[in-house]
Amino acid sequence: MEKYSNLSRYKELLKLQENGEISFLDLELLSFKASVEQQLCYNRKKDYFILIDEYLSRIIPPYEFRSKFLQMEKEDSEKSTRILEDFQELEVFTLANDLEKFSDLIVQISTLCFEYDEVWDGTMEPMSESEFYYLVNNHYLQLGNFK
Amino acid sequence: MNQTTLYLLSKPEVPPNNPDNSANTRSNNYYPKSRYPWGIDPSYNPAYNPDGGSSSSLPDNQIPENDEWVSDQYVWDKEQENDSSTSEEEENIKQPGKLEVNVDFQYEYDSNGNPTLLVPNPGKARTKRNYHRVEFDQTASHMHHAPDLNIPLPSDFNMVHYENLNRADKIDYAKQKLPRETIINYQNEIGKSMSPLFGPKETFLVPGFAAKFKQNIELTIQQTDTPNKTILSIIREDGVHISSFSVNNKVLREITKDNFWVLKNRNL
């Protein structure tokens with residue numbers, strides 16, 4: 001683990017945003033904020049892996065998997081909001097070295113869960129459960145190194 | 001696609017100050033040099049375009065000569081008449097009766113007698129469309145995102161059941177289970193989430209892509225008062241609103257990094 005060493009830069013970016021010099025879509029600022037959320041997900045990766053395992057082993061049905069996965073992410077998201085407002089906590093907050101790779105794979109599964117129920121305007125082809133399963137499994141296999 | 005143009009709908013936009021930003025090349029393009037309220041670049045505006053407009057631009061900060069001033073009320077009225085006849089879309093808006101609930105936008109009725117909200121399109125000079133259309137049925141098919149826009153659903157609305165239905169059945173179920181007012185209020189909140197904010201919070205209008213084969217769309221991205229909650233709205237190329245939902249920082253970062261590409265696992 002490495003220290004959350006760029007706190008001063010984060011403060012600087014917040015100041016720039018406050019002054020209207022950068023927008024809330026600034027990628028560096030967004031990356032700082034997202035990294036806290038990603039690390040919280042990383043910290044309980046075992047829980048995520050158990051959930052994915054249960055789905056892939058067909059212990060839990062797809063709908064339950066999707067809603068639980070998104071719920072866990074929501075919890076991490078809420079916790080990250082609190083941490084981002086607490087500079088003392090951020091001072092000692094550490095990020096894993098392989099966080100980015102882990103997050104890229106997790107976000108793929110999360111995106112699948114979110115997108116599954118979208119219907120567009122009726123012209124969007126429904127995603128089959130087998131395609132969803134295949135894609136989740138594919139991303140999960142790549143997460144093997146993090147277990 | 002490497003170039004994206006980002007339009008700020010609330011206050012002047014600024015380039016990202018990020019030397020390490022992997023999307024810097026794109027950022028240089030999606031933050032236009034000039035800054036205009038409502039995200040409108042005058043170069044797109046027929047009024048400023050000698051080929052497309054009826055008037056030419058005035059030099060910056062220069063007051064016209066006295067003899068060019070128009071003080072005659074008759075001329076003003078006449079000009080206003082001419083202005084209103086320039087937009088067929090505006091002319092075609094029916095003046096419907098009062099809705100059951102107050103809404104913040106103009107509206108017209110669809111063939112089923114349901115309202116379609118006409119949300120002013122801040123990028124109209126570019127897209128040649130005056131409005132984004134928030135349709136009743138389309139909104140009823142996206143009730144799963146209603147809580148994101150603070151629209152409460154009754155306890156007997158079975159979301160698990162709803163999400164397993166096809167689009168037509170979703171619409172039927174929503175109409176059956178929800179008061180009409182709930183869906184109209186939801187339409188209104190969607191309209192507000194696509195409109196400029198006047199205050200410290202920002203709204204952006206940005207061209208983006210949807211689905212595997214990158215169909216052109218527009219996105220509005222609006223900050224909310226809740227930290228880590230941003231409302232993203234997808235607008236089809238013809239101006240019909242498709243969906244609005246909240247995203248957190250992590251998702252917003254991914255979408256921004258991907259040049260505003262959404263629903264990328266789905267087929268259209």
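Let's start with a pair of strands: strand 3 (residues 115-120) and strand 4 of chain B run antiparallel and are joined by four bridges. Strands pair if DSSP finds at least two bridges between them. Strands here are DSSP runs of E with at least two residues, helices are runs of H or I with at least four, and both are numbered from the N terminus. One of the bridges links B:L117 to its partner B:V134 in strand 4 of chain B.

Which way do the residues of strand 4 (residues 131-134) of chain B point? B:Y131 and B:R133 go one way, B:H132 and B:V134 go the other, and all are buried. Buried means that 20 or more other C-beta atoms, placed from the backbone, lie within 10 Å of the residue's own; 12 or fewer means exposed, and anything in between is partly exposed.

Keep in mind that this is a predicted model, where local features need pLDDT of at least 70, side-chain atom pairs count only at pLDDT 80 or more, and totals for chains, interfaces and linings use all residues. Residues are numbered from 1 along each chain as its sequence is written, while chains are lettered from A and ligands numbered from 1 in the order in which they are written.

Chain B has a mean pLDDT of 76, with 64% of its residues at 70 or more. Over residues 11-59 of chain B, though, the pLDDT is below 50, and this stretch has 76 contacts in the model beyond near neighbours in sequence. Two residues are in contact if their C-beta atoms, placed from the backbone, lie within 7 Å. Where pLDDT is low, the predicted coordinates should not be read in detail. For the complex, the predictor gives an ipTM of 0.92 and a pTM of 0.77.

Here are the two chains in brief.

| Chain | Residues | Buried | Helices and strands |
|---|---|---|---|
| A | 147 residues | 30% | seven helices, two strands |
| B | 268 residues | 37% | nine helices, nine strands |

Where the chains meet, 40 residues of chain B are in contact with 35 residues of chain A. Helix 6 (159-163), helix 7 (167-177), strand 6 (215-223), strand 8 (241-247) and helix 9 (249-257) of chain B each give two or more residues to the side that touches chain A. Helix 9 of chain B gives the largest share, seven residues. That side of chain B has 13 nonpolar, 14 polar and 13 charged residues. Nonpolar covers Ala, Val, Leu, Ile, Met, Phe, Trp, Tyr, Cys and Pro; Asp, Glu, Lys and Arg are charged, and the others, Gly among them, are polar.

Back inside chain B, helix 7 holds B:K175. Is B:K175 buried or partly exposed? B:K175 is partly exposed, because 16 other C-beta atoms lie within 10 Å. Its C-alpha atom is 8.9 Å from that of B:D137, 38 residues apart along the chain.

Over in chain A, the elements run β-α-α-α-α-α-β-α-α from the N terminus. The axes of helix 3 (residues 45-56) and helix 4 (residues 62-84) of chain A come within 10 Å and cross at roughly 170°. Such axes are lines fitted to C-alpha atoms over the stretch in contact, with angles from 0 to 180 degrees between N-to-C directions. So helix 3 of chain A is roughly antiparallel to helix 4 of chain A, a label for angles over 145 degrees. Among the residues making the contact are A:Y48 and A:L51 of helix 3 and A:F65 and A:F69 of helix 4 of chain A.

Technical notes
pLDDT is the predictor's confidence in each residue, from 0 to 100. Angles under 35 degrees count as roughly parallel, over 145 as roughly antiparallel, 65 to 115 as roughly perpendicular and the rest as oblique.
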